[in-house]
Amino acid sequence: MKSSDFVHLHSHTMFSLLDGASKLGDIAQVAAEWEMPAVAMTDHGNMFGTIDFYRAMKDVNVTPIIGCEVYCARESRFDRKPLPGLQSGSNHLVLLAKDNTGYQNLIKLVSAGYMDGFYYNPRIDKEILRKHSEGLVCLSACVGGEIPYLLEREGYKSAQKMVEVYLDIFGDDYYLEIQRHGIDKEKVINPGLIKLHKEMGVPLVATNDSHFTRAGDHEAHAALVALQTGKTLNDPNRMCYPEGVYFKSAQEMYDLFED
């Protein structure tokens, strides 16, 4: 497996505030060392780092893919109420701009999330997604995505119906996203994603939900998350990300998804 055969499509930077620890220059340096052709930036709910990310990648001859992991309300973005297991009433969704039209639409969607739909997080909904889907590639996101949420809580049929909704919005630019971080939820969700892929013919993409650059950065990232959640590192009940959410090499990703 050559590095030139793999592209990270789900990467958080330090602009995923108090959640991502990867500096833009570090991502660019590692991607260049591994001769990766491109890297996506998908920060939570914002595009704050877009220009600096673009420049950092261009400086090392790696193609920057501008994206965002948005929060999509299960119902209307104007409704402000929690749903079971969802404090903000929303799920994650990854959007990637494939051209300038997509970039402009992504700006509009992210801005609307703050202007219209803010409830714990900047949220959009499917209504505005339909209006601004041109030029965007959509991935179903991590375990916090809507399809994984439905697979876990409501079952295969509910997830299947929702995939049809996203296919109606994005057509061939919609992909199911599969990750392997050793999280218990993934054992329930991933077989469902593979079944949807096989039965519905929706392409499956392997991603890593990277929140820090190197494996050795896990402890520093744990301190960052503790700051975010108001906990101490001595608290056994604090939130802590799995060790595998770093910027993996192509070979590591190939080994993780060898099947």
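1. Which residues of the largest nonpolar core touch the most other members? In this predicted model, that core has 54 residues, and Leu 95, Ile 147, Tyr 166, Phe 170 and Tyr 174 are the ones that touch the most other members. A nonpolar core is here a set of buried Ala, Val, Leu, Ile, Met, Phe, Trp, Tyr and Cys residues joined through side-chain atoms within 4.5 Å, and buried means under 20% relative accessible area, exposed over 50% and partly exposed in between, with a 1.4 Å probe and protein chains only. The largest share of this core, 7 residues, comes from helix α6 (residues 156-170). Apart from this core lies another one of 9 residues, among them Val 94, Leu 139, Ala 141 and Val 205. In soluble globular proteins, nonpolar side chains tend to be buried together.

2. A word on the basis of these remarks. Residues are numbered from 1 along each chain as its sequence is written, and side-chain values use heavy atoms, with hydrogens and water left out. Because the model is predicted, local features need pLDDT of at least 70 and side-chain atom pairs count only at pLDDT 80 or more, while totals for chains, interfaces and linings use all residues. Helices (H or I, at least four residues) and strands (E, at least two) are DSSP runs, numbered from the N terminus.

3. Phe 170 is in contact (heavy atoms within 4.5 Å) with Leu 95, Leu 129, Ser 133, Leu 136 and Cys 138, leaving aside its neighbours within four places in sequence. Leu 106, found in helix α3 (residues 100-115), counts as buried because its relative accessibility is 0%. With neighbours within four places in sequence again left aside, Leu 106 is in contact with Met 47, Ile 66, Gly 67, Cys 68, Leu 95 and Leu 136. Met 47 is 59 residues from Leu 106 along the chain, yet their C-alpha atoms are separated by 8.9 Å.

4. The strands can be followed from β2 (63-73), which is mostly covered, with 10 of its 11 residues buried. Two strands are taken to pair if DSSP finds at least two bridges between them. On this basis β1 (38-41) and β2 pair in the parallel sense over 4 bridges, and Ala 40 stands opposite Ile 65 in β2. Strand β4 (residues 123-124) also runs parallel to β2, to which 2 bridges join it, and the bridge partner of Cys 72 in β4 is Ile 124.

5. Strand β3 (residues 90-97) is mostly covered as well, since 8 of its 8 residues are buried. Antiparallel to β2, β3 is joined to that strand by 7 bridges; Glu 69 stands opposite Val 94 in β3, and Gly 67 stands opposite Leu 96 in β3. Strand β5 (residues 136-139) is joined to β3 by 4 bridges, and these two strands run antiparallel, with Leu 96 standing opposite Val 137 in β5.

6. Helix α2 (residues 50-59) has Thr 50, Phe 53, Ala 56 and Met 57 as its buried residues. They lie on the same side of α2 because they cover an arc of only 135 degrees around the axis, the arc being that of the directions from the helix axis to the C-beta atoms. The face turned away from this buried side carries the exposed residues Arg 55 and Asp 59. What covers the buried residues of α2 includes α1 (24-33), β1, β2 and α3.

7. Most residues other than glycine have a negative phi, and most peptide bonds are trans. Asn 61, which follows α2 in the loop between α2 and β2, has a positive phi of about 60 degrees although it is not a glycine, and at 72% relative accessibility Asn 61 counts as exposed. Glu 35, in the loop between α1 and β1, is not a glycine either and has a positive phi of about 55 degrees; at 61% relative accessibility, Glu 35 counts as exposed.

8. Finally, helix α5 (residues 146-153) and helix α7 (residues 184-200) pack at an angle of about 110 degrees, with their axes 9 Å apart. That makes α5 roughly perpendicular to α7, given that angles under 35 degrees count as roughly parallel, over 145 as roughly antiparallel, 65 to 115 as roughly perpendicular and the rest as oblique. The axes are lines fitted to C-alpha atoms, for helices over the stretch in contact, and the angles run from 0 to 180 degrees between N-to-C directions. Ile 147, Pro 148, Leu 151 and Glu 152 in α5 meet Lys 185, Val 188, Ile 189, Gly 192, Leu 193 and Leu 196 in α7.
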